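Dear colleague,

I am handing over the structure below, followed by some notes on what was found in it. Please read the notes with the model open beside them.

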Amino acid sequence: MTTSALQMYSLTAQRAAAEVISCYSTSFGAACRLLGARHRRHVRNIYALVRVADEIVDGVCEQAGLDAAQQETVLDGFVAQTHRALECGYSSNLVIHAFALTARQAGIGRDLIDPFFAAMRSDLRHDAEPARLDEGAHDSYVHGSAEVVGLMCLAVFLRQERPSPADRERLEQGASGLGAAFQDVNFLRDLADDTDRLGRSYLGTAERLTGIDRDRVVGRIRSRLRDAEAVIDLLPRDARAAVRSAAGLFEALTDRVAQTPVEELYRRRVRVSDARKAAIITRAVGRTWRERP
């Protein structure tokens, strides 16, 4: 069977998206490899779009010499290209093209995409004062930057499924909560970079984080992780090991953050050892293998 020019282009776009995740995230990349083949490329396509947008606002454009107005123009162009690709199924940007393939197949619409871009746009601040989010702004930012990404991945997992309305609601709550938990963990482990390089404070505190603040956020993360883990068995079987692995990896990161003095969090980014990661993934795979389809 002859491969058309569009098919070849789409295959190339998806390979480019897979390269993005392999370069930027070892943990998420490892979890993604556990997904069934029918899900794997779609989740990689989502991650690639999210990663590139995040890099636009997190300093890559600035380091390339673009001023504030030019950075906003780059993000606006990226958003406009994404909207056009959703409508027509094509973009000259390989990452956007790959994402559009997934979005059109999984029914991911602007109700999820636009809040994400709104969160990214809020990071393009160029005044001298640190960007401190109060509790309401934190919740809004986390919804756009993380919860909707969880819902995008859920749309991929359920695109060929027919869960009951009650199960779908539970899964959506779990996906949103898992995304929010991941984001809060990253806020805690990225305190040094967010504070010193980016001048941002995402955790709803007026001043520098205290141990009490950190423990409050850790408690919220653990509650969300528990709620998300309680509904993993409602997912298709070929998605469970990957989601369990990702949740387990972030649970281990949460433990590390909780055990690290706050002042040290402002100096270094905590990590989970490769051996610990391997054990978490092995356990997740074993549990899923033992489950009934």
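Leaving aside residues up to four places away in sequence, tyrosine 266 touches Leu191, Ala192, Thr195, Asp196, Arg208 and Leu209, where contact means heavy atoms within 4.5 Å. Tyrosine 266 lies in the loop between H12 and helix H13 (274–290), helices being DSSP runs of H or I with at least four residues, numbered from the N terminus. At 8% relative accessibility this tyrosine counts as buried, the cut-offs being under 20% relative accessible area for buried, over 50% for exposed and partly exposed in between, with a 1.4 Å probe and protein chains only. The C-alpha atoms of tyrosine 266 and alanine 13 are separated by 38 Å, the two residues being 253 apart along the chain.

Please keep in mind that this is a predicted model, in which local features need pLDDT of at least 70 and side-chain atom pairs count only at pLDDT 80 or more, whereas totals for chains, interfaces and linings use all residues. Residues are numbered from 1 along each chain as its sequence is written, and side-chain values use heavy atoms, with hydrogens and water left out.

Histidine 97 is found in helix H5 (residues 94–106) and is buried, with a relative accessible area of 0%. Its side chain makes a polar contact with the side chain of serine 10 at 2.9 Å (a pair of N or O atoms within 3.5 Å; within protein, one must be able to donate a hydrogen and the other to accept it, and residues adjacent in sequence count only if both atoms are side-chain atoms).

Turning to the aromatic rings, the count comes to seven pairs, where rings of Phe, Tyr and Trp (its six-membered ring) pair if their centres lie within 6.5 Å, and planes under 30 degrees apart count as stacked, over 60 as edge-to-face and the rest as tilted. The rings of tyrosine 141 and phenylalanine 187 have their centres 6.2 Å apart and their planes at 40°, so this pair is tilted. The pair links distant parts of the chain, with tyrosine 141 in helix H7 (residues 135–158) and phenylalanine 187 in helix H8, 46 residues apart. Tyrosine 141 is buried at a relative accessible area of 7%, and phenylalanine 187 is buried at 5%. Elsewhere, ring pairs link Phe78, Phe116 and Phe117 into a cluster.

Definitions and conventions:
Helices (H or I, at least four residues) and strands (E, at least two) are DSSP runs, numbered from the N terminus.
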